[in-house]
Amino acid sequence: MKNKVITLGEILLRLSTPGFARFTQAGSFQALYAGSEANVAASLCHFGIPAAHVTRFPDNDLGKAAIQTLRRYGVDTQHIVFGPGRMAIYFLENGSMQRASRVIYDRFDSAFAHIERGMIDWDKVFADAAWFHWTGITPALSQGAADVCWDAIAAARSKGLTVSGDINYRRNLWQYGKTAQDIMPALITGTDIVVAGITDMENCAGITGASFEEACRAFMQTFSQVKKITTTIRDSISSSHNRLTGIVWNGQSLVSSQPYELTHIVDRVGGGDAYMAGLIYGLLTQKSDADTVEFATAASTLKHSIEGDVNLVTVEEVEALVKGENVGKLLR
């Protein structure tokens with residue numbers, strides 16, 4: 001059975017202050033390469049699911065370094081294209097206790113923002129694939145990126161792939177003359193599994209509800225092909241202490257995970273991507289909705305203990321957490 005997952009999206013150079021230093025204190029930055037969709041692909045590779053990432057890199061040493069990072073995680077990079085432009089960057093200051101984390105983006109005019117139709121051979125990309133994943137970040141970057149995302153969704157559906165989309169509304173990214181509601185509804189129409197909170201549904205599709213379940217019902221009435229809508233509920237007691245629960249609406253009932261107390265958080269960036277990878281893994285391996293949301297939320301929980309954007313854990317580690325085994329132990 002085919003189980004290869006394809007992801008599409010921009011990869012950024014992440015520059016983090018050392019430890020919990022503030023931007024104004026930093027004399028150096030730690031460099032990593034990551035992006036929301038690529039984080040999903042890398043996490044799936046650690047779960048034993050083959051994954052390939054599609055993007056456009058600048059044709060310079062930063063692009064080469066980024067592609068080497070993906071290969072170290074086991075991600076298939078054969079469909080990545082190169083061209084003129086720059087590497088997008090984001091700067092991260094990790095918060096602690098009551099001080100919030102902060103991110104500064106520097107991604108304007110990046111190589112990926114200049115991606116255009118015809119640069120990617122989607123028939124070739126999807127030849128051996130079962131699943132395609134996209135996020136709302138991609139169509140927010142440029143009209144070209146939105147067009148490529150639409151072409152990918154259309155090609156995936158024509159080949160019978162499952163399509164998932166984390167619609168992930170980010171207001172500050174929509175700067176090229178279109179709004180999310182101009183672009184996103186058409187993309188959602190081609191999507192089977194949607195990651196969205198109430199505000200995402202409102203901002204991307206104009207759909208509201210007094211509760212998550214009510215909003216999901218209205219969303220599925222508009223987008224009848226959507227089979228599941230999922231999100232996480234995060235209670236932020238402080239930057240160092242969060243409480244996390246996953247929920248899935250499957251069109252008939254609301255399924256929730258157990259809540260996880262995330263104390264002494266090491267790095268919360270990529271937590272949503274870890275959840276998405278866990279969700280895809282659960283559905284690809286035909287877990288029930290209840291078992292899938294438990295696995296996905298446990299995967300996200302473990303990500304908060306790991307530096308960087310990528311969730312470097314195995315299926316066995318996630319399943320042990322779901323069962324409450326080996327929690328905080330010294331394993332040797």
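Student: Is Phe219 buried or exposed?
Tutor: Phe219 is buried, at 0% relative accessibility. Buried means under 20% relative accessible area, exposed over 50% and partly exposed in between, using a 1.4 Å probe and protein chains only. Bear in mind that this is a predicted model: local features need pLDDT of at least 70, side-chain atom pairs count only at pLDDT 80 or more, and totals for chains, interfaces and linings use all residues. Residues are numbered from 1 along each chain as its sequence is written, and side-chain values use heavy atoms, with hydrogens and water left out.

Student: And how many aromatic pairs are there in the whole structure?
Tutor: Eleven. Rings of Phe, Tyr and Trp (its six-membered ring) pair if their centres lie within 6.5 Å; planes under 30 degrees apart are stacked, over 60 edge-to-face, and the rest tilted. Phe219 and Phe223 are tilted because their planes sit at 45°, with ring centres 4.8 Å apart.

Student: What about Phe223, buried or exposed?
Tutor: Buried, with a relative accessible area of 5%.

Student: Which residues form an aromatic cluster?
Tutor: Phe47, Tyr281 and Phe295 form one.

Student: New topic: what does Asn94 touch?
Tutor: Leaving out residues up to four places away in sequence, Asn94 touches Thr17, Gly19, Phe20, Arg99, Ser101, Val266 and Asp267. Contact here means heavy atoms within 4.5 Å.

Student: Buried or exposed, that Asn94?
Tutor: Asn94 counts as buried, at 10% relative accessibility.
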